[in-house]
Amino acid sequence: KVINRLLTINDSHVAEIIIVDNASSDLTSVCIGDLCRAHPGIIKYVFERQRSASAARNAGARLAVGDILVFLDDDVFVQPDAISSAVDTFDQHPDCAVISAQIVPMYEADPPDWAVECQRSYNGWSLHYPGNIPHLPDAVQEYAWAIGAMLAITRKAFDDIGGYPDDIWMI
């Protein structure tokens with residue numbers, strides 16, 4: 001779903017889409033092959049044998065050519081202006097190296113009480129959600145950590161830190 005969503009967003013900043021197959025054993029490569037042929041030069045595919053989010057993201061970054069890398073989990077619903085907003089934020093704040101998007105969980109059924117409490121008290125799925133933190137004046141905040149479900153980072157910052165540690169399964 002995230003791939004089709006990115007393809008329908010009319011955003012000149014979406015220059016390439018790199019799909020990292022993190023050691024799947026199903027027909028993922030066949031489906032992705034069809035997408036690559038339908039969108040040559042835009043969609044690229046790489047198979048990563050090491051099963052971890054870190055290894056997958058590093059594999060995608062090695063193939064990417066842009067100055068800004070945007071990492072998306074496969075279940076993220078990308079808003080139409082999300083990529084442009086990230087690029088604009090980097091342009092407006094040259095000292096900014098990483099942007100973590102607002103994550104608003106969407107459930108097919110009522111979530112369990114622990115999930116609701118996590119969202120309310122820890123705000124673990126969203127760094128800025130006005131309903132949770134209404135006293136903040138705008139959507140730009142500084143944190144010592146960031147959620148990786150939709151994370152943008154400058155190529156320079158990514159290279160400077162050496163990417164994600166390959167020995168970490170979850171980021």
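Modeller: Gladly. Let's begin with contact, which means heavy atoms within 4.5 Å. This is a predicted model, in which local features need pLDDT of at least 70 and side-chain atom pairs count only at pLDDT 80 or more, while totals for chains, interfaces and linings use all residues. Residues are numbered from 1 along each chain as its sequence is written, and side-chain values use heavy atoms, with hydrogens and water left out.

Biologist: Which residues is leucine 63 in contact with, leaving aside its neighbours within four places in sequence?

Modeller: Leucine 63 is in contact with Glu16, Ile18, Lys44, Tyr45 and Val46. The C-alpha atom of leucine 63 lies 8.2 Å from that of lysine 44, and the two residues are 19 apart along the chain.

Biologist: What makes leucine 63 buried, exposed or something in between?

Modeller: Its relative accessible area is 31%. Buried means under 20%, exposed over 50%, and partly exposed in between (1.4 Å probe, protein chains only), so with 31% leucine 63 is partly exposed.

Biologist: Where does leucine 63 sit?

Modeller: Leucine 63 belongs to helix 3. Helices (H or I, at least four residues) and strands (E, at least two) are DSSP runs, numbered from the N terminus. The chain has six helices and five strands, and from the N terminus on they run α-β-α-β-α-β-α-β-α-β-α.

Biologist: Why is helix 3 called mostly covered?

Modeller: In helix 3 (residues 53-63), eight of the eleven residues are buried. They are Ser54, Ala55, Ala56, Arg57, Asn58, Ala59, Gly60 and Ala61. These buried residues pack against strand 1 (17-22), strand 2 (43-48), strand 3 (68-72) and helix 6 (155-161). Across the chain, buried residues make up 35% of the 171 residues.

Biologist: How do you know that asparagine 58 counts as buried?

Modeller: Asparagine 58 has 5% relative accessibility, so it falls in the buried class. Apart from residues up to four places away in sequence, asparagine 58 touches Phe158, Gly163, Tyr164 and Asp166.

Biologist: What does the side chain of asparagine 58 reach?

Modeller: The backbone oxygen of tyrosine 164, at 2.6 Å.

Biologist: Which class does alanine 23 fall into?

Modeller: Alanine 23 is at 17% relative accessibility, so it counts as buried. Alanine 23 lies in the loop between strand 1 and helix 2, and its phi is near 60°, a positive value in a residue other than glycine.

Biologist: How many bridges join strand 1 to strand 2?

Modeller: Six bridges join these two strands, which run parallel. Two strands pair if DSSP finds at least two bridges between them, so the six found here make strand 1 and strand 2 a pair. As an example, isoleucine 19 has tyrosine 45 of strand 2 as its bridge partner. The chain gets from strand 1 to strand 2 through helix 2 (residues 28-38), and this β-α-β crossover is right-handed.

Biologist: What makes a crossover right-handed?

Modeller: With the strands pointing away from the viewer, the path from the first strand over the helix to the second runs clockwise.

Biologist: What joins strand 3 to strand 5?

Modeller: Five bridges join strand 3 to strand 5 (residues 150-154), and the two run antiparallel. Isoleucine 68 has threonine 154 of strand 5 as its bridge partner, and leucine 69 stands opposite isoleucine 153. Strand 3 has Leu69 and Phe71 on its covered face, with Ile68, Val70 and Leu72 on the uncovered one.

Biologist: What is the strand order in the open sheet of three strands?

Modeller: The order is 3-5-4, with antiparallel pairing. Strand 3 and strand 4 each have a single partner strand, so they stand at the edges, and one side of each is left without a neighbour in the sheet.

Technical notes
Polar contact = N/O pair within 3.5 Å; in protein donor to acceptor, adjacent residues only side chain to side chain.
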